[in-house]
Structures are given as C-alpha cells and as structure tokens.
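Colleague: I am new to this structure and would be grateful for a close look at a single part of it. Please take me through that part in one connected account.

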Amino acid sequence: MPYVDGFILAVPTEKMEDYKKMAQTAGEIWIDHGALSFVETVADDVPYGEVTSFPRAVLQKEGETVVFSWITYESREARDEINKKVMADPRLKIDDPHSMPFDGKRMIYGGFKTLIEL
C-alpha cells in the first residue's frame, strides 16, 4: 500500500497565487522523481475548533488560508530515495528563504503508512 507524506500550513490569502506557482513546480519535481501523486488542497469547510482544528494547528492568522497537501509513494523506501533526489534537484533551489509565500515554521508535516485503502 502507498506511503504518504502529509502537510498542513497557513498561506497568506494575498500570496495564494505565488504559493500555487511554487506548489505546481514542486509537484512536477516530485512526480519527475517518481512520486505517484502530488495533491494541494485549500480550506473550504474548515471551522476553527474550540479545542483543536486545522486552523489552530497551524496558528492561522487573519488573512490566511489553510492548505492541506499530500504526496504518495509506492513505499517508505521509495519515498526516502525520491526525497533525496528532490532535495538535490536544482529546480527546488530557493535563493531567499524569506521569499517563501508561507511561514515554514508553522507547517506541520509527517510520513504515514497506509492503514486502509478502498
């Protein structure tokens, strides 16, 4: 069953087009190196919870939108190899980390083994 890297982050709404361009390029790089899929989604029905929620998790501020993304791979081993290639790919080079269209310190990410796939 596939292995999944998942991401949740807050993007300033005014920078969503910049984020979309960056994500499009990143997705092409991951797919070029063997990822099975690359998906970026934007919050549509994501309430601010009393205890926990997507907005709370990323410390969403006024004027930001939550983005939920994932990349799928054949296996954890494939993911590890693909990510090595992606990180060495010059197309991913960022000259100025401050130019990123989101605050990477508030991004949540992790790798997940598939439990059920229907």
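Which residues have the most contacts inside the largest nonpolar core, and how many residues does that core have?

Modeller: The model is a predicted one. Its largest nonpolar core has 18 residues, and those with the most contacts inside it are Leu 9, Val 11, Tyr 19, Trp 30 and Tyr 73. Two or more residues of this core come from each of strand E1 (3–12), helix H1 (16–32), strand E3 (64–73) and helix H3 (76–88). Helix H1 gives the largest share, six residues.

The sheet may be taken next. It is an open sheet of four strands in the order E2-E3-E1-E4, and the pairing is antiparallel. Strand E2 (37–42) and strand E4 (108–113) stand at the edges with a single partner strand each, so one side of each has no neighbour in the sheet. From one strand to the next, the twist averages 15°. In general terms, the strands of a sheet pair through backbone hydrogen bonds, in either a parallel or an antiparallel manner.

E1 is joined to E3 by 10 bridges, and the two strands run antiparallel. In this pairing, Leu 9 stands opposite Val 67 in E3. E1 also pairs with E4, again in the antiparallel sense, over six bridges. There, Tyr 3 stands opposite Lys 113 in E4.

Helix H1 packs on the sheet and touches E1, E2 and E3, and its direction makes about 165° with that of E2. At 1.5 Å a residue, its 17 residues should span 24 Å; the end C-alpha atoms of H1 are 24 Å apart, which agrees. The buried residues of H1 are Met 16, Tyr 19, Ala 23, Ala 26, Gly 27, Ile 29 and Trp 30. These residues cover an arc of only 160° around the axis, which puts them on the same side of H1. An α-helix has 3.6 residues a turn, so residues three or four places apart point the same way. On the other side of H1, Lys 21 and Asp 32 are exposed. The buried residues of H1 pack against E1, E2, E3 and H3.

Leaving out residues up to four places away in sequence, Tyr 19 touches Leu 9, Val 11, Glu 40, Val 67, Ser 69, Pro 101 and Phe 102. After H1 comes Gly 34, which has a positive phi, near 120°.

Helix H3 also contributes to the core. H3 lies across E1, E3 and E4 and runs at about 50° to E1. At 1.5 Å a residue, the 13 residues of H3 should span 18 Å, and its end C-alpha atoms are 19 Å apart, which agrees. Arg 79, Ile 82, Asn 83 and Val 86 are buried in H3. Seen down the axis of H3, its buried residues fall within an arc of 105°, so they line one face of the helix. On the other side of H3, Glu 77, Lys 84 and Ala 88 are exposed. The cover over the buried residues of H3 includes E1, H1, E3 and E4.

Ile 71 is placed in strand E3. With a relative accessible area of 2%, Ile 71 is buried, because buried means under 20%. Apart from neighbours within four places in sequence, Ile 71 is in contact with Tyr 3, Val 4, Asp 5, Phe 7, Trp 30, Ala 35, Ser 37 and Phe 38. Ile 71 and Glu 14 are 57 residues apart in sequence and 25 Å apart in space, C-alpha to C-alpha.

Leu 59, by contrast, lies in the loop between helix H2 (54–57) and E3. Leu 59 has 57% relative accessibility and therefore counts as exposed, since exposed means over 50%. Leu 59 also has a positive phi of about 55°, although it is not a glycine. Most residues other than glycine have a negative phi.

To return to your question, the core draws two or more residues from each of E1, H1, E3 and H3, with H1 giving the largest share.

Key. Residues are numbered from 1 along each chain as its sequence is written. This is a predicted model: local features need pLDDT of at least 70, side-chain atom pairs count only at pLDDT 80 or more; totals for chains, interfaces and linings use all residues. Side-chain values use heavy atoms; hydrogens and water are left out. A nonpolar core is a set of buried Ala, Val, Leu, Ile, Met, Phe, Trp, Tyr and Cys residues joined through side-chain atoms within 4.5 Å. Buried means under 20% relative accessible area, exposed over 50%, partly exposed in between (1.4 Å probe, protein chains only). Contact means heavy atoms within 4.5 Å. Two strands pair if DSSP finds at least two bridges between them. Axes are lines fitted to C-alpha atoms, for helices over the stretch in contact, and angles run from 0 to 180 degrees between N-to-C directions. The expected span of a helix is 1.5 Å times one less than its number of residues. The arc is that of the directions from the helix axis to the C-beta atoms.
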